[in-house]
Amino acid sequence: MRELSAEIIANTVKRLCIEANLRLPKDIKACIENSFDTEPWAGAKDILGKIIENYTIAENELKPICQDTGAACVFVKIGQDVHINGNLTDAINEGVRQGYKEGFLRKSIVNDPIERINTGDNTPAMIYYDIVEGDKVEITLAPKGFGSENMSRIKMLKPSDSVEGVIDFVVDTVMKAGSNPCPPIVVGVGIGGTFDKCAYLAKKALLREAQSENPVPYYAELERTLLNKINALGIGPQGFGGKTTALAVNIETMPTHIAGLPVAVNINCHVTRHVKEVI
Amino acid sequence: MEIKITLPLTKDKVKELKAGDSCLLTGVMYTGRDAAHKRLFDLIKEGKKLPLDIKDSTFYFVGPTPKKEGEAIGSAGPTTSYRMDAYSPALIALGQTGMIGKGKRNDDVIKAMKKYGAVYFGAIGGCGALLSKCIKRSEVVAYEDLGTEAIHRLEVENFPVVVVIDSYGNNLYETGKKAYLESLKEEK
Ligand code: SF4
């Protein structure tokens with residue numbers, strides 16, 4: 001069995017926290033630059049240009065892309081043949097603590113949803129564990145801003161609502177969100193599972209490369225349909241009007257119960273951050 | 001063409017601004033988001049004195065990242081404004097003339113803006129690194145214990161904003177979308 005020290009995990013998480021907040025991933029940059037080239041509405045194009053200027057400054061001057069450096073969402077795939085020496089969860093939180101301090105990132109986590117005292121170090125992280133084959137540990141850091149998180153929704157549709165019901169709910173969610181989640185947005189859609197699994201799928205969908213497609217042709221087609229419908233709404237960058245309301249729609253699905261059709265929409269902004277490392 | 005505005009924003013200047021105008025702001029503004037707004041609001045309710053003068057003030061809804069050595073401020077883009085909707089009308093009634101944020105406002109805020117004369121500006125959400133370049137100085141003036149949510153006094157130069165809702169109730173979130181969609185019809 002492979003042995004791995006908790007310290008290595010903490011150091012990796014620390015590095016990823018900083019990197020994720022300073023450098024926008026290639027796939028998101030490509031989507032934004034592509035939209036800049038194809039956006040027909042002058043005001044909208046201008047905003048997309050400013051967005052490109054912003055992430056360029058962030059990268060060159062090592063300044064966070066956005067001041068909301070997010071809740072630290074950490075997706076961990078642990079190979080069943082690796083043994084961690086030390087407490088894994090503590091190590092991840094330690095990495096977040098150090099990363100947010102040394103990276104001059106904003107601490108946005110409160111201790112309790114009602115009492116609301118800032119924990120001062122952006123912990124605890126939002127951790128998602130997955131046990132997989134092998135002896136590697138894969139860590140994905142995806143800081144999540146709450147302007148867009150707050151616009152996310154879930155609905156337990158009836159099986160008879162079928163795919164039309166799914167389309168209506170997703171498009172309606174984006175329409176209601178309007179200018180609030182800093183469009184252009186990335187839309188993560190979860191379909192199936194249980195209430196909680198469905199929400200998880202929607203969040204996981206945001207990790208997938210924005211320019212990739214769902215491997216199932218039917219869902220790849222549904223992704224295109226949703227993107228076209230969303231970009232026909234006219235909301236545009238920042239909600240000032242234009243074509244580019246969404247950069248991508250990613251769908252993740254799983255089997256569900258005979259009585260249900262859960263759909264979750266997790267909205268992310270143009271500052272969709274995710275960085276991965278395998279140890 | 002951008003309209004250059006020197007802060008503080010007087011009521012006369014407010015009247016000249018129209019939804020859709022691009023502006024560059026220079027002068028002093030204050031930061032405030034959820035927690036600071038709640039404290040100000042509670043003081044107003046209790047009839048107590050506020051820690052700063054609200055008349056003709058502009059508030060920027062922002063919680064910046066910590067600044068590094070040599071920087072005036074960290075990354076500093078707008079936060080979503082509707083969370084301040086419950087508090088803004090009371091501040092507007094006291095003479096606040098400008099608000100900078102992103103996203104929609106409710107009818108109560110717009111009503112107060114029309115009644116007393118105030119403007120809601122949008123700054124580009126998610127452009128905190130770019131916007132921070134226009135902020136030349138920043139110091140805490142109240143509620144230091146709130147950290148990023150403390151009220152900071154900012155000195156800005158040519159800070160880029162767009163008038164989203166003017167003092168007549170015109171709303172760029174509605175007109176901008178409509179204009180774009182109509183341009184598509186014309187093409188057909
Ligand atoms: S929604 Fe995204 S871009 Fe907008 S303020 Fe939040 S993290 Fe930044």
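Mentor: Around the ligand there are 14 residues, and the closest are A:Cys66, A:Cys182, A:Cys269, A:Arg273 and B:Gly126; a residue is taken as near a molecule if one of its heavy atoms lies within 4 Å of it. This is a predicted model, in which local features need pLDDT of at least 70 and side-chain atom pairs count only at pLDDT 80 or more, while totals for chains, interfaces and linings use all residues, and side-chain values rest on heavy atoms, with hydrogens and water left out. Residues are numbered from 1 along each chain as its sequence is written, with chains lettered from A and ligands numbered from 1 in the order in which they are written.

Because the residues that surround the ligand come from chains A and B, the site is shared between chains. The ligand sits in the largest pocket, where sitting there requires more than half of its atoms to lie within 2 Å of the grid points. A pocket is an open set of points on a 1 Å grid over the protein atoms alone, where a 1.4 Å probe fits and protein lies on both sides within 12 Å along at least five of seven lines.

A:Cys182 is placed in the loop between α6 (162-177) and β7 (185-193) of chain A; helices (H or I, at least four residues) and strands (E, at least two) are DSSP runs, numbered from the N terminus. The phi of A:Cys182 is near 60°, a positive value in a residue other than glycine. A:Cys182 counts as buried at 7% relative accessibility, since buried means under 20% relative accessible area, exposed over 50% and partly exposed in between, with a 1.4 Å probe and protein chains only.

B:Tyr143 is found in the loop between β6 (135-142) and β7 (151-165) of chain B, and at 16% relative accessibility B:Tyr143 counts as buried.

The backbone also has cis peptide bonds to note. One of them runs from A:Thr123 to A:Pro124, with omega near 0°, and A:Pro124 belongs to the loop between α4 and β4 (126-132) of chain A. Another runs from B:Leu7 to B:Pro8, with omega near 5°, and B:Pro8 lies in the loop between β1 (3-6) and α1 of chain B.

Turning to charged pairs, a search of the whole structure finds 32 salt bridges over all chains, each being a side-chain nitrogen of Lys or Arg within 4 Å of a carboxyl oxygen of Asp or Glu. One of them joins A:Glu59 to A:Lys29, whose closest N and O atoms are 2.7 Å apart. This pair links distant parts of the chain, 30 residues apart, with A:Glu59 in helix α3 (residues 42-61) and A:Lys29 in helix α2 (residues 26-38) of chain A. Within the pair, A:Glu59 is partly exposed at 27%, whereas A:Lys29 is buried, with a relative accessible area of 17%.

A further salt bridge pairs A:Glu213 with A:Arg224, the closest N and O atoms being 2.4 Å apart. Since A:Glu213 lies in the loop between α7 (195-205) and α8 (217-230) of chain A and A:Arg224 in helix α8, the pair ties together parts that are 11 residues apart in sequence.

How values were computed
On a 1 Å grid over the protein atoms alone, a cavity is a set of points where a 1.4 Å probe fits but cannot get out, and a pocket is an open set with protein on both sides within 12 Å along at least five of seven lines; lining residues have an atom within 4 Å of a point.
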